[in-house]
Amino acid sequence: MAVQKLPLAKALNESLRKALETDPKVVVMGLDVGKLGGVFRITDGLQKDFGEDRVVDTPLAESGIVGTAIGLALRGYRPVVEIQFDGFVFPAYDQIVTQLAKMRARSLGTVKMPVVIRIPYGGGIGAVEHHSESPESLFAHVAGLKVVTPANSSDAYWMLQQAIQSDDPVIFFEPKRRYWDKGEVDTEAIPGELHKARVAREGTDLTLVAYGPMVKTCLEAAAAAAEEGKSIEVVDLRSISPLDFDTIQASVEKTRRLVVVHEAPVFFGSGAEIAARITERCFYHLEAPVLRVGGYHAPYPPARLEEEYLPGLDRVLDAVDRSLAY
């Protein structure tokens, strides 16, 4: 059956299975990805079906995992690395920034780096320290890396395959608190461009731009605003680097107002770049300053306080009201 209703986590599992079936050079590797099937079971059953040489349980050594993936890419493989949690990626940051991101430029394009680094990110699951970070801006700032994040099951399935097929390194952020949200996946569809944003909901009064876990929150905010007669457009970025500014611009030229929403701290977050660029592009269209909603500039709090930290429906709607008040 081509169309299935799958949780986002299962869509990722099916996508990895398809990639392993299609290309013998695809290798999945990471801590507990084999026998356990990953802590979120994203790789469940893959080692059983494809063997220990293609679904590799690695030591607990993120720098070594990414360094090995770089070596495999140099030998013609397409490694898909799992970093178990967002906060665990930093021991590998040196390898990612100084080697992985630079190799193609260093070789004047003669060396391909088809490496995907999967990172479950964001909060909302009641986890302990180092398990709920949103470090996407730290990677988007690095030239040579592509940074993408799906918000639904269909995009999870197709975007992961497109990332694996890319000859450039891709940081693939997975919104972990949406792993269990179900959505339709057409496994025979023709996917859209990997780095193209999509309009998730049409509207005329204001544009909400979000990505990953915040897309659902913004859609809920738009539905709530509609009950008060406000027409809100929601744009799902899908790709953080490169950014599809054209889709955002087209929406803002129509609605004349923009609010950018992400879980990561507002301070120096991706919303700042979007706000600056859209202000430049749409200065004579805007009827209100671009507003941003996000996490606070503070360490991620203990689980019992995370609902106060994370941007929710009320904070998004407050920004909507402030923008519409201009």
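User: How is the model to be read, and from which number are residues counted along each chain?
Analyst: In this predicted model local features need pLDDT of at least 70 and side-chain atom pairs count only at pLDDT 80 or more, whereas totals for chains, interfaces and linings use all residues. Side-chain values use heavy atoms, with hydrogens and water left out, and residues are numbered along each chain as its sequence is written, from 1.

User: What is the radius of gyration of the chain, and what does the globule rule give for 326 residues?
Analyst: The chain holds twelve helices and 14 strands, taken as DSSP runs numbered from the N terminus (helices are H or I with at least four residues, strands are E with at least two). The radius of gyration is taken over C-alpha atoms, and the globule rule is 2.2 Å times the number of residues to the power 0.38. The chain is as compact as a globular protein of its length, because its radius of gyration of 20 Å is close to the rule's value for 326 residues, 20 Å.

User: What percentage of the residues in the chain is buried?
Analyst: Buried means under 20% relative accessible area, exposed means over 50%, and partly exposed lies in between (1.4 Å probe, protein chains only). Among the 326 residues of the chain, the buried share is 54%.

User: Which strands stand at the edges of the open sheet of seven strands?
Analyst: Two strands pair if DSSP finds at least two bridges between them. The seven strands follow the order S3-S2-S4-S5-S7-S6-S12 with mixed pairing, and each edge strand pairs on one side only. Neighbouring strands here are turned by 20° against each other on average, direction ignored, with axes being lines fitted to C-alpha atoms (for helices over the stretch in contact) and angles running from 0 to 180 degrees between N-to-C directions. The edge strands are S3 (55-57) and S12.

User: Which residue in S12 is the bridge partner of Val148?
Analyst: Strand S6 (residues 146-148) pairs with S12 in the antiparallel sense, over two bridges. Within S12, the partner of Val148 is Ser239.

User: Why is one side of S9 and of S14 left without a neighbour in the sheet?
Analyst: The open sheet of five strands has mixed pairing and the order S9-S11-S10-S13-S14. Because S9 (198-201) and S14 (291-295) stand at its edges, each has a single partner strand.

User: Which residue in S11 stands opposite Leu208?
Analyst: Strand S10 (residues 206-210) and strand S11 (residues 232-236) run parallel and are joined by five bridges. Opposite Leu208 stands Val234.

User: How are the rings of Tyr157 and Trp158 placed, and what kind of pair do they make?
Analyst: Rings of Phe, Tyr and Trp (its six-membered ring) pair if their centres lie within 6.5 Å, with planes under 30 degrees apart counted as stacked, over 60 as edge-to-face and the rest as tilted; the count comes to 14 aromatic pairs. Tyr157 is buried at 4% relative accessibility, and Trp158 is buried at 14%. The ring centres of Tyr157 and Trp158 are 5.0 Å apart and the planes stand at 90°, so the pair is edge-to-face.

User: What is the phi of His130?
Analyst: Most residues other than glycine have a negative phi. His130 lies in the loop between strand S5 (116-121) and helix H6 (136-140), and at 40% relative accessibility His130 counts as partly exposed. The phi of His130 is positive, near 75°.
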